[in-house]
Amino acid sequence: MIGRAASLSLLLLGACAALSGPACAAEIFYMDRDTFTNEYTGPVGPLVLSGEIVPGDYARVLAKIAEDPNRFLLRNKLILASSQGNAEEAMKIAALVKSLYTDVNVAPLTGRCAGACFLIYAAAAARGTDGEHLLGVSRPGLAESQWAAMPTAQAALLEDGMQAPVRTFLSDNEVPPDIVDEMFKRPPTDVYWLSEEQEAALNPKSPSFAKLLADKCGWHDGLERAVYQGQRPVDDLKELSACRLRTTQPEARKALAQALKDAQPAKPAPAAPAGKTPRVSRVPRVESRTTPSNSADPQSH
């Protein structure tokens, strides 16, 4: 399945154009230049998702990964830099990122992550920020380009319908209640930037991923900290990284193959040969033993 990914990527990009037209605004690219000197460093950088998230962007992210699955999975890292977008589409991307065990990062050199972008960050198995006030929340809704493209009443109705699914999504991904409260008590245009303490509450590993590493690799909360403080040998961290790779890479490849399979269009039913009329099975007619009357349906008696 992954071997056919290159041709499928073109198919998915075409689907994006059909679904969302000019609103396909998010930029999706590999960072192949040094962020300080802008010099070319080669195809070794992580994938970047930047700009407004709109319907069709899930297909575009999947298409980009499908161009070279091995390249993506070698780093298995996504940098987020988006301050607005469609919450429903972001949750689709979040589900993919979570299934691939992708590391998600937000850094000041690439931009902040707020609104719909936060949903992707919150669902990631491993995530991190490099600085304060890089993560923002606000009431989830449509992308700004969608509001401009439809009547206000219709847009408001669609946006209201997103609130319950987003709450369920945040609960399933164990986002702290105080962050959820901040998100829903303000309009989409009023972003609340998380404090340093709130960013820390979103641990570098999601609760479910931390449990997986603890069960499979013997990871615990203080292991990495002890290595960084010189209290444990670096080889302990190398062993943990190797175990994580052994544990997650096979599952990530299976999840990617399934996502690519699900993206394939349904095959049309084979047409009947020219000049032949399809056989139609005849069902024997059963004569009624009762004489119909002008009253109500006999089944009602």
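How many salt bridges does a search of the whole structure find? The search finds ten, a salt bridge being a side-chain nitrogen of Lys or Arg within 4 Å of a carboxyl oxygen of Asp or Glu.

Before I turn to individual pairs, a word on the model. It is a predicted model, in which local features need pLDDT of at least 70 and side-chain atom pairs count only at pLDDT 80 or more, while totals for chains, interfaces and linings use all residues. Residues are numbered from 1 along each chain as its sequence is written, and side-chain values use heavy atoms, with hydrogens and water left out.

I begin with K92 and E89, whose side chains form a salt bridge at 3.6 Å, N to O. Both residues belong to helix 4, residues 87–99, and stand three residues apart, about one turn of the helix; helices here are DSSP runs of H or I, at least four residues, numbered from the N terminus. E89 is buried, at 5% relative accessible area, whereas K92 is partly exposed, at 42%. Buried means under 20% relative accessible area, exposed over 50%, and partly exposed in between, with a 1.4 Å probe and protein chains only.

The next pair is D190 and R186, with the closest N and O atoms 3.3 Å apart. R186 is buried at 15% relative accessibility, and D190 is partly exposed at 34%. Both residues also belong to a network of salt bridges that links them with E182 and K185.

Finally, D236 and R232 meet through their side chains in a salt bridge of 3.0 Å, N to O. D236 is partly exposed, at 22% relative accessibility, and R232 is likewise partly exposed, at 32%.

Key
Helices (H or I, at least four residues) and strands (E, at least two) are DSSP runs, numbered from the N terminus.
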